[in-house]
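User: I have a structure open and want to go through its side-chain contacts. Can you take some questions?

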Amino acid sequence: MSAESKKANNFIRNLIEENIANGQQQGKVVTRFPPEPNGYLHIGHAKSICLNFGIAETFGGDCTLRFDDTNPEKESQEYIDAITRDVKWLGCEWAGEVRYASDYFDTIYAAAVELIEKGLAYVCALTADEMAEYRGSLTSPGRNSPHRDRPVAENLTLFQEMRDGKHEGGALVLRAKIDMASPNINLRDPILYRIRYASHHQTGDKWCIYPMYDFTHPISDAMEGITHSLCTLEFEDHRPLYDWVINNISVPCKPRQIEFARLNLNYTITSKRKLKRLVDEGHVESWDDPRMPTISGMRRRGFTPASIRQFCDMVGVSKAGGTVDVGMLEHAIREDLNARAPRAMCVMRPLKVTLTNYPEGQAETLTLPVHPQDPEMGTREVPWTQTLYIDREDFVEEPPRKWKRLAPDQAVRLRGGYVMTCREIIRDDRGEIVELRCEYDPATLGVNPEGYKPNGVIHWVSATDSIDADVYLYDRLFNEENPDNDKDVDFATHINPESLQITQNARVEKSLATPLTDIPYQFEREGYFFFDAARSEGGRPVFNRTVTLRDSWAKGGK
């Protein structure tokens with residue numbers, strides 16, 4: 001983790017500092033990042049990753065990576081591999097080996113037996129509908145299950161039979177015996193174990209009963225010596241159950257659960273279930289589609305680890321919920337890339353230009369900076385030839401007032417090159433403009449022309465010494481600020497039909513035939529673009545637009 005993950009104070013860091021000062025916290029601070037392997041990580045997880053690993057680093061402690069793998073029917077090795085890859089890519093190093101809640105299944109089972117022996121758990125045969133009826137509501141207490149007072153010996157026998165596969169799935173569950181009248185519904189005898197005949201990606205067919213997340217999590221934390229179990233606010237009402245489990249079984253330590261506000265972005269969905277639906281229904285190509293808010297999708301789009309960490313620092317950590325402007329995320333990547341991205345030229349919509357006074361067959365090499373504000377990044381060579389390409393949008397026949405690009409009998413400077421003036425327009429049989437014939441001023445390389453002033457500066461490439469490329473212009477996936485806000489409207493109806501526009505046969509500098517693969521380029525006057533290695537295999541290079549150059553958030557959002 002880099003230093004920016006530790007910069008800002010937050011209430012959790014302040015609390016730990018106080019605990020260390022007053023002696024409540026002794027020994028190493030240990031946190032954990034505990035994803036469920038049932039989908040890919042998204043930008044909301046990035047906040048949790050930065051917080052957990054950042055807190056551990058701040059206090060010289062450890063952070064473990066543990067998969068809470070208690071629901072094998074929805075989990076897969078694909079998700080485990082993707083999550084591990086994403087955490088590494090963000091720059092995080094976990095303590096020891098990757099852990100799994102399933103590593104502790106024997107311990108968790110023993111804890112359940114301990115609760116039964118203490119009269120604090122029982123086997124219940126109510127159906128799911130009956131259990132919901134008995135549970136009561138937010139305004140009325142629940143009722144005790146008719147099986148709540150089974151003898152301990154009978155409960156132990158039935159629980160063993162559950163483990164031995166002697167009962168059908170859903171026939172029996174193990175429940176904690178807490179308080180059916182509690183105002184906190186999570187304490188109304190919650191389920192601890194259920195029967196599931198499903199092969200597990202780590203344990204195979206050893207188990208046909210699996211512990212619930214709320215039972216597994218505190219025990220796993222305790223087994224790993226976690227001191228601070230940091231989770232989002234939706235688990236605040238689960239904390240009394242977390243503490244109840246820890247206080248009623250034999251554990252090596254007693255972790256403390258602390259909640260913080262989750263990250264919500266406008267124009268974005270972060271529900272893994274709904275992200276999976278986008279993939280399954282073909283609204284996007286895959287989990288790593290560059291329009292997805294998944295870390296793998298953002299990586300493929302061109303976001304950098306530093307920009308995501310910086311964004312998480314900008315958002316901060318608090319107890320107050322709210323929605324963050326996605327423009328802040330876009331600002332973070334612009335800030336990072338503006339300082340570090342190498343420059344290049346890409347003509348999206350090529351229009352041929354012939355320099356009538358430049359010798360045919362001649363070429364010269366112009367030297368341009370890789371980054372105009374960072375000389376240490378070096379220079380790049382760009383060929384200048386008689387035929388060039390400019391962007392069609394940089395030319396109009398009847399220029400509007402204050403036009404700063406090319407027009408008939410007007411001059412522009414070509415970026416890093418000479419000044420040229422348009423003298424003639426060539427059209428095809430349909431009247432479409434197919435070529436401009438221009439004159440260049442050989443005395444204007446690096447100096448201003450005498451006697452006239454160019455309209456502006458436009459980008460270009462050599463027609464003979466550039467290469468074809470495809471450019472994927474990505475925009476926000478949803479055109480509604482809160483796509484999931486209206487429960488009566490399917491969020492998928494808010495998908496932006498223009499979230500992807502493909503520009504084929506663009507032209508890029510010849511050096512981009514072997515592009516960088518670890519950071520996007522700034523295509524001058526266009527935006528930031530990242531080489532898509534997967535799409536480019538065996539064909540022309542493909543570049544994904546990471547973000548445009550314009551930063552509205554920096555101007556008004558702050």
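User: Which ring does the charged end of Arg476 sit over?
Analyst: The ring of Tyr267, with the charged end of Arg476 5.0 Å from its centre. Keep in mind that this is a predicted model.

User: And Arg143, which residue's face does that lie over?
Analyst: Tyr134; the distance from Arg143 to the ring centre is 4.2 Å.

User: OK, salt bridges. How many in the whole structure?
Analyst: The search finds 47. One of them joins Glu259 to Arg239, with the closest N and O atoms 2.8 Å apart.

User: Is Glu259 buried or exposed?
Analyst: Glu259 is buried, at 1% relative accessible area. Arg239 is partly exposed, at 28%.

User: What about Arg340, which residue does it meet in a salt bridge?
Analyst: Asp336, at 2.8 Å from N to O. Asp336 has a relative accessible area of 13%, and because buried means under 20%, it counts as buried. Arg340, at 39%, is partly exposed.

User: Which residue does Asp394 form a salt bridge with?
Analyst: Arg405, with 3.3 Å between the closest N and O atoms. Both lie in the loop between strand 15 (387–391) and strand 16 (411–414), so the bridge ties together parts eleven residues apart in sequence. Asp394 is buried at 3% relative accessible area, while Arg405 is partly exposed at 26%.

User: Which residues are joined into one network by shared partners?
Analyst: Arg32, Arg66, Asp68, Asp221 and Glu224 are joined that way, through salt bridges.

User: Switching to aromatics. How many pairs?
Analyst: The structure holds 24 aromatic pairs. In one of them, Tyr109 and Trp207, the ring centres are 5.8 Å apart and the planes are at 50°, so the pair is tilted.

User: Where are Tyr109 and Trp207 in the chain?
Analyst: Tyr109 is in helix 4 (residues 105–117), and Trp207 is in the loop between strand 6 (191–195) and strand 7 (209–211). They are 98 residues apart, and both are buried. They also belong to one aromatic cluster, with Phe105, Phe159, Tyr193, Tyr210 and Phe215.

User: How far apart are the ring centres of Trp384 and Tyr440?
Analyst: 6.3 Å, with the planes at 50°, so that pair is tilted too. Trp384 lies in strand 14 (residues 379–385) and Tyr440 in strand 18 (residues 433–441), so the pair ties together parts 56 residues apart in sequence. Trp384 and Tyr440 are both buried.

User: Last one: where is Pro541?
Analyst: Pro541 is in the loop between helix 13 (533–536) and strand 25 (542–548), and is buried at 11% relative accessible area. Leaving aside neighbours within four places in sequence, its contacts include Ile467, Asp468, Leu512 and Phe531.

Technical notes. Residues are numbered from 1 along each chain as its sequence is written. This is a predicted model: local features need pLDDT of at least 70, side-chain atom pairs count only at pLDDT 80 or more; totals for chains, interfaces and linings use all residues. Side-chain values use heavy atoms; hydrogens and water are left out. A salt bridge is a side-chain nitrogen of Lys or Arg within 4 Å of a carboxyl oxygen of Asp or Glu. Buried means under 20% relative accessible area, exposed over 50%, partly exposed in between (1.4 Å probe, protein chains only). Helices (H or I, at least four residues) and strands (E, at least two) are DSSP runs, numbered from the N terminus. Contact means heavy atoms within 4.5 Å. Rings of Phe, Tyr and Trp (its six-membered ring) pair if their centres lie within 6.5 Å; planes under 30 degrees apart count as stacked, over 60 as edge-to-face and the rest as tilted. A charge sits over a ring if NZ of Lys or CZ of Arg is within 6 Å of the ring centre and within 35 degrees of the ring normal.
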